[in-house]
Amino acid sequence: MVGKVNDAIYGKTSQCVQWEYASTLPYQDPFNEIELDIHITSADGERWVIPSFWMGQERWGVRFMTDKAGIYHIKTYCTDTSNASLHHVAHTLVIKQENTPVSQCLQLSSDKRYLEDTYKHPFLWLADTWWMGLCDRLSYRDFQHLTQYRKTQGFNVIMLVAGLFPDMDSFDSRGENVSGFPWEYNYTAINPAYFDEADKRIEYLLENGLIPTILGSWGYYLQHLGEKKMKQHWRYIIARWGAYPVVWCIAGEATMPYYLSQSRTKDMYALHEGWTRLAHYIKSIEPFGNLVTIHPTEIGRDQLQDPSVLDLNLIQAGHEGYKSINNAHKLIAQERHRKPLMPLIIGEMNYEGILNNTCPSIQRLSFWTALLSGAKGYSYGANGVWQINTHENPFGASPHGHSWGDVPWRESYLYEGARHLGYAKKLLEAYPWWLFEPHPEWISPQRDMMHYKRPKVAGIPEKVRMIYFYTHDYHWWHRPKFSIEKLESHIQYHAFFWNPRDAKRDPIGEVIINKKGAWRVPKLPTKEDWVLILETKG
């Protein structure tokens, strides 16, 4: 909804209302010469300080969204206090009740272990990675198609970069959309037309129930722009999209120097300090309480000197197949109880189709290792989608001279691993997954439980046990070798195998516990990966 300031502006609950201000004074360089903040106060005293976004010429826009009907009082504050058309302009905003769903905002659980939606329902993060999804190599029509496809598979988060993309230098033509770059050359001013086009995509995700996780830039751009310009960049992003239910991601691989840097150690320390200052700035101007995270080189909280500004701890475990899975297990075990507590989510790992050992079975192994080891969300990626390859225009080489591969997104978005992760998410959502804790002691033998081949076990005592077997557990001439241990003698469990490739069940029946409180695992239905579930009835 868009309006111009007069006596009052009208909006509806759970819908973004936008209005604008026009300066009667001309400026040579309006984007850089002034800033305009909007102070909004509700009848019950709640307050917001909202940055405006430059719309071009002498025009500034404002976006606001609330689920509460009522009259809101507005007053503007401009850095040019002599401009009566922008400074101390007072008017009202009338929000009327609309029978539409409450906006899907994410928040932390009371114990800060997992995410919840607006209704306090546990939210199981399953993201897809479209780093360059705002560039013109993915048309808006194709963006819509990709959105619908991932939605049907069960994804609920999409990770995007706001124009300052990885694997390229500043103003690389591969990063343009139909209106150019997000900034004018040499970062002299923002390009509002770029963000007008990006708006359509962010809004389309939200209309379809997908939460955009918006990265301001890749980490090394902090040294390209400098802190002053990066603050302008983030202020503009928050002004544009802060009223929407989004997740802010401060930077991608935040402390990684530019690919061709000749002073990598020095740059890494500078980025560590610089992004810490930017993180505090972002938190200070974010008016709507959207969650903040950072995409790491390995551990999110370690990208900053002060992790208290983060709400989520993302982990990047690498793209080396089995080695990365072992690394993920180690990092999750290390991070689960670090203070301050925050939900632990895989932010990047084993993109399907990248390098070697990233086939569908590795996608399943990566997901189940993470979720049954203590992570509360998972971010998938498909090589070819994250960089938006097309048949006509593959992304090509990164600055380091190597290409990650030329498979076009129209092929890679159909990879089976994404579908299998959607099945897994749906299965977990049938249980109180947010209460699951790892229980390696529930299975025997227990040799090297962090190794990717070892079964991963989690659940809730006296309620449910979930075990993921990646490799078959017996030789053809031997009996199955694993036993479920420490079963409660007063609990009657029923068991079934669940096929992670097609989501079908293979029933087992009642679990018969021996005198030692153990139950030998039956032979897996096939020599493939399977999930074994023991659950109580009623």
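These questions and answers cover a helix, the nonpolar cores and some backbone features of a predicted model.

Local features need pLDDT of at least 70, side-chain atom pairs count only at pLDDT 80 or more, and totals for chains, interfaces and linings use all residues. Residues are numbered from 1 along each chain as its sequence is written, and side-chain values use heavy atoms, with hydrogens and water left out.

User: How many Å does helix α6 reach from its first C-alpha to its last?
Analyst: Helices are DSSP runs of H or I, at least four residues, and strands are runs of E, at least two, numbered from the N terminus. Helix α6 covers residues 264–285, 22 residues in total.

User: What covers the buried residues of α6?
Analyst: Buried means under 20% relative accessible area, exposed over 50%, partly exposed in between (1.4 Å probe, protein chains only). The buried residues of α6 include L271, W275, L278, A279 and I282. An α-helix has 3.6 residues a turn, so residues three or four places apart point the same way. The cover over the buried residues of α6 includes β5 (47–51), β15 (211–217), α4 (221–225) and α5 (227–241).

User: Which residues have the most contacts inside the largest nonpolar core?
Analyst: A nonpolar core is a set of buried Ala, Val, Leu, Ile, Met, Phe, Trp, Tyr and Cys residues joined through side-chain atoms within 4.5 Å. The largest one has 154 residues. Those with the most contacts inside it are W19, W241, I250, W275 and W368.

User: What is the omega of the cis peptide bond from K339 to P340?
Analyst: P340 sits in the loop between α7 (322–335) and β19 (344–349). The bond from K339 to P340 is cis, with omega near -5 degrees.

User: Is S14, with its positive phi, buried or exposed?
Analyst: S14 is not a glycine, yet its phi is about 60 degrees. The loop between β2 (8–12) and β3 (17–22) holds S14. Its relative accessible area is 15%, so S14 is buried.

User: Is K486 buried or exposed?
Analyst: K486 has a positive phi of about 55 degrees although it is not a glycine. K486 lies between β25 (483–484) and β26 (493–498), in a loop. Its relative accessibility is 53%, so K486 counts as exposed.

Note on methods: The expected span of a helix is 1.5 Å times one less than its number of residues. Contact means heavy atoms within 4.5 Å.
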